[in-house]
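Please open the model in a viewer and keep the sequence at hand.

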Amino acid sequence: RLRGGEQLSLAAAKGKYAEVLIPVEALVASNPSVNARRLWGTDVYTGDSDVVAVLQHTGYYRPPAEEPSSDLSSVQCLLKVEPVCPKGYAPSERFGIKSRSWGVNEGSLSISVVAARAVTSAGAYVDLEPKHLFSLPNTSPTYVPASETRAVATRASVQSATKQKLATEVAVMYNLCNEPWRKYHMHVMVDRGLSPSQWTSSRLLRETLYLESSNTRYELSASVVATSSGEGQVADANGGSNPGAPEQLYRFARCEPMLLAEMRATGVPLPATDVRVVEDGLRWEELRWAPNGVSVRGKNLHILRCSFLSNKQARPAAN
């Protein structure tokens with residue numbers, strides 16, 4: 001059993017477990033080891049990685065900028081001590097902290113988090129659960145009016161930007177067909193206002209959303225749903241509800257990369273013969289948008305680019 005801040009001596013614990021007790025004064029973002037990013041690896045870390053930084057990187061605990069709650073006394077962390085990773089330690093960025101890379105040092109050891117729990121000032125224990133990259137704290141509802149997030153340029157901000165020579169973020173990328181698309185960002189998916197016709201879910205009744213990862217293209221489109229009378233019907237494109245119509249559903253599918261002109265000739269959304277359905281009958285709430293991608297019924301996808309295309313019927317074949 002060790003206290004936070006002590007150098008871990010893990011040689012005798014190889015293949016076993018070590019319990020670390022982290023005092024409350026170390027559980028802050030101003031912890032020098034957290035600020036210095038003394039953290040090497042992803043999921044499995046070098047034995048000299050800071051435990052508080054490891055807990056933040058794995059999503060168990062995020063150090064506050066100021067002092068923790070007065071109800072918090074300490075955090076107990078159970079670590080598994082393992083041999084050195086044969087492939088080294090890969091870096092990654094998670095939950096506001098970026099780990100470093102490291103090679104293979106023969107004779108060194110690795111650590112990974114098994115469990116963690118907070119100890120309150122009253123002596124009670126609260127189990128800490130690791131948060132996933134697509135869990136609630138890292139997603140946002142699309143129902144966010146754009147006016148609330150609009151940046152206002154003032155004379156002071158312009159002068160400051162000029163002095164610092166800030167580089168403008170690139171908002172356009174080239175897709176898998178080498179055509180310009182928009183870089184994926186959360187603000188692309190947020191609702192544009194309070195009216196139902198300005199919701200992103202309603203926008204998909206008039207347009208189809210295409211998303212791309214590094215090597216795959218996806219299509220998100222509104223589905224035709226059955227009314228209570230059994231007839232196929234799509235909800236009102238202005239966001240209104242049709243009498244007797246159930247909740248609007250959506251289709252998420254994979255499709256082959258195609259040039260824009262070819263897509264318009266084929267039809268938007270693409271016909272069923274040109275897509276491979278991943279999930280059908282989706283409710284809008286089953287799509288969870290995150291800063292680095294989307295979760296579709298629990299399936300997490302990393303997204304780089306996106307584009308909205310107006311729905312268009314396929315061109316009739318020439319005689």
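Begin by selecting Ile-22 and Leu-55: of the 24 residues in the largest nonpolar core, these two touch the most other members. Such a core is a set of buried Ala, Val, Leu, Ile, Met, Phe, Trp, Tyr and Cys residues joined through side-chain atoms within 4.5 Å, where buried means under 20% relative accessible area with a 1.4 Å probe, protein chains only. This is a predicted model, in which local features need pLDDT of at least 70 and side-chain atom pairs count only at pLDDT 80 or more, while totals for chains, interfaces and linings use all residues. Residues are numbered from 1 along each chain as its sequence is written, and side-chain values use heavy atoms, with hydrogens and water left out.

Next, select β2 (17-23), α2 (51-58), β5 (72-83) and β8 (109-120), each of which supplies at least two residues of this core. Helices (H or I, at least four residues) and strands (E, at least two) are DSSP runs, numbered from the N terminus. The greatest contribution, five residues, comes from α2.

Apart from this core lies another, of 21 residues, including Met-186, Met-189, Leu-287 and Val-294.

Now display the open sheet of three strands, ordered β18-β19-β20 with antiparallel pairing; two strands pair if DSSP finds at least two bridges between them. Its edge strands, β18 (287-290) and β20 (299-302), each pair on one side only. Strand β19 (residues 293-296) is joined to β20 in the antiparallel sense over four bridges. Finally, select Val-296, which stands opposite Lys-299 in β20.

Definitions and conventions
Buried means under 20% relative accessible area, exposed over 50%, partly exposed in between (1.4 Å probe, protein chains only).
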